[in-house]
Amino acid sequence: MDTINTQQITISRRDISSLKQIIIIFVLFIDGWSSIYLTVILDFFVYIDLVGFRITVLFGEMSNFNLLFVVIFFLTIVNGLAQSYPETYCIRFDTDVKGASNPIIINITQKWAPLGANHLFDVINSQFYHVPSAFFRVVPKFVVQFGISGDPAQNKLWDKPIKDDPVLMSNTVGTLSYATAGPNTRTTQLFINYIDNSRLDPLGFAPLGIVTTGLDTANAIFNPTPGSSDGVDQDQYSTKGNPWIRLNYPQINFITKTSITYNCPVPSN
């Protein structure tokens, strides 16, 4: 049998294969993405010297079970680091708003609404905005709402709600908050406050960022439903995507490109 022999422990390649399978099943139960880290880490410890020390120096005389425990512990640390979120970041929304020279740039501050900020970071870094996304609700002197993907498959993928954050900031001019359908129903829909809407604070709308550039662009967004403050039919847009909304609202404006930057203005409040 092909084995790896050291001074204090002998691990067969069959053992290594078994360990991999056990750990991957265990971690998939907790976090499906972690198996990628896990295979690399196990191979690293068993086959490669780490800073000149072999596995026996690191672990001494350990059973396979104890080795499994150590690898899982190390994996947890690595995976935690890989999934850490920035304390602040800016989202740049490029648009097709006529006459607008500025993109809409929003500074997101994690401590304002941690769950919402981290969730939005994941959404922006996914394929949610890989196609244009419409500004489907414009209510003059109130809000502009967006956050439905033009790709119905993405809306299905991101329809699981997150829990609410406590309201730590006020819905003042230019702040960004999640739209909701009641407590703990936030998903991907967002709105920018056109005016001071602090009356929304007691209703549980927790701002997570503020527009630092392009508020004029936000104010110039075309209103697709001037006769109704409800905006377009959100269910239809969610399930039928951009072909449907372009057909029914040919003048509607879109977010055409989305990106994250860390070199952005810090909000004064």
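These are my notebook entries on a predicted model of one protein chain.

**Ground rules**

I number residues from 1 along each chain as its sequence is written, and side-chain values use heavy atoms, with hydrogens and water left out. Since I'm looking at a predicted model, local features need pLDDT of at least 70 and side-chain atom pairs count only at pLDDT 80 or more, while totals for chains, interfaces and linings use all residues.

**Overview**

I looked up the secondary structure and got 8 helices and 11 strands. Helices (H or I, at least four residues) and strands (E, at least two) are DSSP runs, numbered from the N terminus. Next I checked burial: 46% of the 269 residues are buried. Buried means under 20% relative accessible area, exposed means over 50%, and partly exposed is in between (1.4 Å probe, protein chains only). Then I looked at contacts, meaning heavy atoms within 4.5 Å. Among those between residues at least 6 apart in sequence, 68% join residues at least 24 apart.

**Helix α8**

At the N-terminal end of α8 I noted a cap: a side-chain oxygen of aspartate 233 lies 3.1 Å from the backbone nitrogen of aspartate 235. I count a polar contact as a pair of N or O atoms within 3.5 Å; within protein, one must be able to donate a hydrogen and the other to accept it, and residues adjacent in sequence count only if both atoms are side-chain atoms.

Two strands pair if DSSP finds at least two bridges between them. I looked at β7 (residues 143-146) and found Val143 and Gln145 pointing one way, Val144 and Phe146 the other, with all of them buried. In a regular strand the side chains alternate between the two faces of the sheet.

Which way does β6 (residues 137-139) run relative to β7? They run antiparallel, joined by 3 bridges, and valine 139 has valine 143 as its bridge partner. The two strands form a hairpin with 3 residues between them, and lysine 141 in the turn has a positive phi of about 60°. I also found β9 (residues 190-193) antiparallel to β7, with 4 bridges; here valine 143 stands opposite asparagine 193.

**Aromatic rings**

I count 8 aromatic pairs in the structure. Rings of Phe, Tyr and Trp (its six-membered ring) pair if their centres lie within 6.5 Å; planes under 30 degrees apart count as stacked, over 60 as edge-to-face and the rest as tilted. Phenylalanine 128 and tyrosine 129 are edge-to-face, 5.0 Å centre to centre with 75° between the planes. Phenylalanine 128 counts as buried because its relative accessibility is 0%, and tyrosine 129 is buried at 9%.

Phenylalanine 135 and phenylalanine 146 are edge-to-face too, at 5.6 Å and 70°. Phenylalanine 135 sits in the loop between β5 and β6 and phenylalanine 146 in β7, so the pair ties together parts 11 residues apart in sequence. Both are buried. I traced ring pairs linking Phe93, Phe128, Tyr129, Phe135 and Phe146 into a cluster.

**Two single residues**

Is histidine 119 buried or exposed? I find it buried, since its relative accessible area is 10%. Histidine 119 is in helix α5 (residues 114-124) and touches Trp158, Ile162, Tyr178 and Thr187, not counting residues up to four places away in sequence.

Asparagine 184 lies in the loop between β8 and β9 and is partly exposed at 39% relative accessibility. A polar atom of the asparagine 184 side chain lies 2.8 Å from the backbone nitrogen of aspartate 164.
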